[in-house]
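The model is predicted.

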Amino acid sequence: MTPEPHDALPPVTPTATYRLQLQPAFPFGAAAAAVPYLASLGVSHLHLSPVLEAVPGSLHGYDVVDPTRVREELGGEDGLRALARTAREHGLGLVVDIVPNHMAMAPRHNRALWEVLREGPESPYARWFDVDWEAQGGRMLVPVLGGPVGAELEHLRVDGDVLRYHDHVFPLREGTEKLPLPQLLDAQWYRPAWWRLARTELNYRRFFSVSELIGVRVEDPEVFEATHGTILRLVHEGVIDGLRVDHPDGLADPDAYLERLHTAAGGRWTVVEKILADGERLPDSWPVAGTTGYDALRRVDGLFTDPEGARELLEHYRRFAAPQADGGGDWAATVRRAAYSVIGHELAAETDRLTRTASRACADPDDPALRDRVPWALRTALTELLVRMEVYRPYTSGDPAAVVTEEAAAQARRAFAVPQEADAVDAVRALVLGGEGPKGAELRARFAQTSSALRAKSVEDTAFYRYVPLLAANEVGGDPGDPGVSPTGFHGYCARVQRDWPATGTVVSTHDTKRSADVRAALAVLTECPQRWADLLEQVAGAPEDVPDRQVAWAAWQTVFGLGPAAPERVQEALLKHAREAGLHTTWTEQEPSYEEALAAFVAAGPCGAPGERVAALRDALEPHIRANVLGTALVQLTMPGVPDVYQGTESEYWALVDPDNRRPVTFPPEDPGVKGAVTAAALRLRRRRPEVFGESASYEPLTAEGPAADHCLAFARSGRVVTAVTRLSLRLAQAGGWREERLALPPGRWVDALAEQDGAAREFTGHARVAELFGRLPVALLERVE
């Protein structure tokens with residue numbers, strides 16, 4: 001049972017968190033050594049990546065193997081407690097990432113899974129995992145073989161009471177040890193199979209399309225207790241102060257799960273990794289502080305993106321890359337094509353299971369609207385509805401009909417040649433929107449789980465790599481088809497957050513962002529000079545025969561522009577991942593060596609070779625505008641409504657690409673924090689010193705400058721005590737002649753520049769500030785009211 005609290009501190013909302021990526025090379029002890037520096041930076045809590053026992057050597061910890069123990073490679077529970085004590089001595093608490101949706105499909109390390117493979121559905125652990133025991137003859141498919149089982153028999157061998165295959169080890173069912181190998185394989189509760197069969201025959205739910213991560217049934221109260229007991233004990237003992245919930249969209253019933261977690265954790269500050277589409281709201285019923293912050297990232301990035309320039313950049317991209325297979329350079333078409341591809345290939349097994357669930361739910365002899373639905377018709381109906389989902393999943397606590405819309409259903413019906421068969425769409429939609437009974441409930445849950453996996457895989461892991469006019473827009477929660485956000489739109493978003501979710505998380509860089517905030521800030525400048533970028537590419541792109549893929553070539557040139565000086569190996573690794581994720585010429589599972597070799601040669605000779613020096617020269621010329629975006633992004637995120645999370649190393653300039661590049665260890669303290677370090681520290685220390693100004697009872701007031709260049713100044717006041725002002729689209733501003741007599745009206749009082757105080761050059765303002773003077777030293781300003 002969940003332990004009762006005894007000496008834990010009361011629930012506290014952080015003023016700011018600092019994310020640390022724990023791994024064997026950076027365990028609890030290393031984190032403790034960084035505490036004095038992090039406390040001086042101004043955060044209130046450390047935000048730790050998962051701390052429970054994971055696959056040995058894991059660099060991220062999301063592949064949990066034992067939720068009952070703190071990871072020994074990090075220092076075990078004693079090490080975590082020591083870190084908590086050190087943090088507490090310096091005034092810091094701990095927020096921990098938890099992973100309720102999945103565990104590692106690693107039987108030799110996952111004891112619960114080992115017992116299921118040994119004892120089958122009668123194992124007491126069988127209820128832990130989301131397995132369809134009706135499929136595959138009542139055996140769990142284990143996709144680990146390098147080829148068909150017949151070709152791999154020589155590599156399978158019995159060793160005592162286990163079955164070995166290279167590094168894989170599996171338990172043997174009791175009494176099967178002496179059977180001939182073919183009969184032994186037939187006698188187990190699992191079936192070792194060629195890894196390629198995971199696409200079509202897998203019968204356990206997984207994380208997206210990652211077969212190495214098996215879904216967990218935390219909707220079962222006993223499974224919840226078993227998998228959360230250790231974390232909750234540490235919460236109630238005061239070791240852990242808050243929680244970040246990884247991927248709640250994958251759960252069967254996120255509403256019930258979050259309610260149970262909230263009660264069990266005693267109302268501790270909790271945020272969820274929920275990706276919201278534009279216009280989508282977090283369910284009001286969820287007892288959480290808010291999201292982890294990707295919705296904030298979208299708005300902050302959009303502020304520094306010129307919409308008109310982004311549209312012009314798109315036209316240059318279409319002429320340069322001539323995209324066809326991805327959707328002809330249209331974002332919506334690219335997403336739709338990617339969705340069809342993913343649902344028919346990577347998620348084919350999940351779609352099969354969903355179809356079987358729909359068949360059972362529709363098998364109602366008393367209802368003519370549901371009777372005699374053939375599986376292929378149901379599968380087609382499900383596919384056509386799923387690919388038209390524009391959010392990750394529908395929630396019953398909201399309005400599912402607003403997501404699984406009648407318009408989507410009408411489009412789905414057109415996929416059927418025979419009108420009478422198209423009514424399968426109506427049958428499925430009716431069940432998804434509220435079919436009664438356990439069969440209807442199961443279909444709704446499976447549909448939602450499949451929808452979230454499809455959206456993530458088709459958008460984040462496919463379309464983001466196929467549609468690349470502006471790489472900065474291809475970020476989790478982003479909208480590459482409409483990347484700009486107006487000041488009015490930003491202010492409206494912030495007002496809603498302060499009113500509805502004032503303690504939500506905000507981020508601009510995470511372990512999952514495809515490019516760090518600083519890289520995206522640099523790339524955003526290209527929307528202010530799209531013709532200049534196009535002219536440069538005409539000079540450096542080379543002959544068509546030298547470029548294996550014009551779309552990836554465009555992305556490669558933007559990558560080196562955004563990243564700046566870096567080891568060529570980092571660029572090569574990121575571009576190879578880019579090409580495989582795009583899946584147009586090579587994939588992770590169907591690698592095309594000749595294409596990959598040509599891509600590597602192009603990257604080495606072009607972006608990372610002599611032509612890349614011209615890109616570097618343009619970047620140097622645009623450095624003041626890149627700097628304005630970098631500092632503006634940082635200051636806005638740190639002072640807008642919500643609780644900012646600072647990803648490790650990003651308090652200083654941080655230039656990183658997609659993982660694993662963005663998970664490299666960092667140095668504490670940074671060797672050269674620079675201007676960004678000073679801005680970050682000033683904002684964080686102000687937040688910690690004046691929590692009432694930024695907290696749940698605070699206020700948010702947009703401030704509008706006056707003058708011809710007023711839109712280039714984005715400003716807001718927090719609780720009438722702090723003013724943030726930043727320069728946006730500074731290159732466009734410079735092209736128009738710069739600041740003139742623009743004025744920013746300030747709330748009543750005497751205002752001191754908190755950033756100027758960092759170097760002892762205090763500045764004061766009363767009534768208003770001339771924008772040219774406000775931004776005379778830096779393109780950003782942070783003012784504090786002193787009277």
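## Nonpolar cores

The largest nonpolar core comprises 124 residues, and those with the most contacts inside it are Leu48, Phe129, Met140 and Phe490. Helix H1 (residues 28–41) supplies the largest share of this core, nine residues. A second, separate core contains 57 residues, among them Ala338, Phe464, Val560 and Val615.

The surroundings of phenylalanine 490 can be listed in detail. Apart from its neighbours within four places in sequence, phenylalanine 490 is in contact with Arg299, Val300, Leu303, Val485, Val636, Met640, Tyr700, Leu714 and Phe716.

## Helix H14

In helix H14 (residues 406–413), the buried residues are Ala408, Ala409 and Ala412. These three lie on the same side of H14, because they cover an arc of only 100° around the axis. In general, an α-helix has 3.6 residues a turn, so residues three or four places apart point the same way.

The buried residues of H14 pack against two helices: H13 (375–386) and H15 (423–434).

## Aromatic pairs and cluster

The structure holds 21 aromatic pairs. One of them joins phenylalanine 26 and phenylalanine 668 in a tilted arrangement, 5.9 Å centre to centre and with 45° between the planes. This pair links distant parts of the chain, 642 residues apart. Phenylalanine 26 is located in the loop between strand E1 (17–20) and H1, while phenylalanine 668 belongs to the loop between strand E18 (643–647) and helix H25 (674–689). Both phenylalanine 26 and phenylalanine 668 are buried.

The pair of tryptophan 533 and phenylalanine 561 is edge-to-face, because the ring centres are 5.7 Å apart and the planes stand at 65°. Tryptophan 533 lies in helix H19 (residues 530–540) and phenylalanine 561 in helix H20 (residues 550–563), so this pair ties together parts that are 28 residues apart in sequence. Tryptophan 533 counts as buried, at 0% relative accessibility; phenylalanine 561 likewise counts as buried, at 0% relative accessibility. Tryptophan 533 and phenylalanine 561 also belong to one aromatic cluster, which includes Tyr317, Phe320, Trp331, Phe464, Tyr467 and Trp554. Phe464 of this cluster is also among the residues of the second core.

## Charges over rings

Two arginine residues may be described here. The charged end of arginine 260 sits over the ring of phenylalanine 224, at 5.6 Å from the ring centre. The charged end of arginine 619 sits over the ring of tryptophan 655, at 4.6 Å from the ring centre.

## Backbone features

The peptide bond from aspartate 659 to proline 660 is cis, with omega near 10°. The bond from phenylalanine 668 to proline 669 is also cis, with omega near -10°. Proline 660 is placed in the loop between E18 and H25, and proline 669 lies in the loop between E18 and H25 as well.

Positive phi values occur at two residues other than glycine described here: near 55° at glutamine 136 and near 45° at histidine 247. Glutamine 136 is found in the loop between helix H3 (111–119) and strand E7 (140–145), and counts as partly exposed at 24% relative accessibility. Histidine 247 lies in the loop between strand E14 (242–245) and helix H8 (254–264), and counts as buried at 8% relative accessibility.

Conventions
Residues numbered from 1 in each chain as written. Predicted model: local features only at pLDDT ≥ 70, side-chain atom pairs only at ≥ 80, totals over all residues. Heavy atoms only, no water. Buried < 20%, exposed > 50% of the residue type's maximum accessible area, 1.4 Å probe, protein only. Helix = DSSP H or I, 4+ residues; strand = E, 2+ residues; numbered from the N terminus. Arc of directions from axis to C-beta. Contact = heavy atoms within 4.5 Å. Core = buried A, V, L, I, M, F, W, Y, C linked by side-chain atoms within 4.5 Å. Phe/Tyr/Trp six-rings, centres within 6.5 Å; stacked < 30°, edge-to-face > 60°. Lys NZ or Arg CZ within 6 Å of the ring centre and 35° of its normal.
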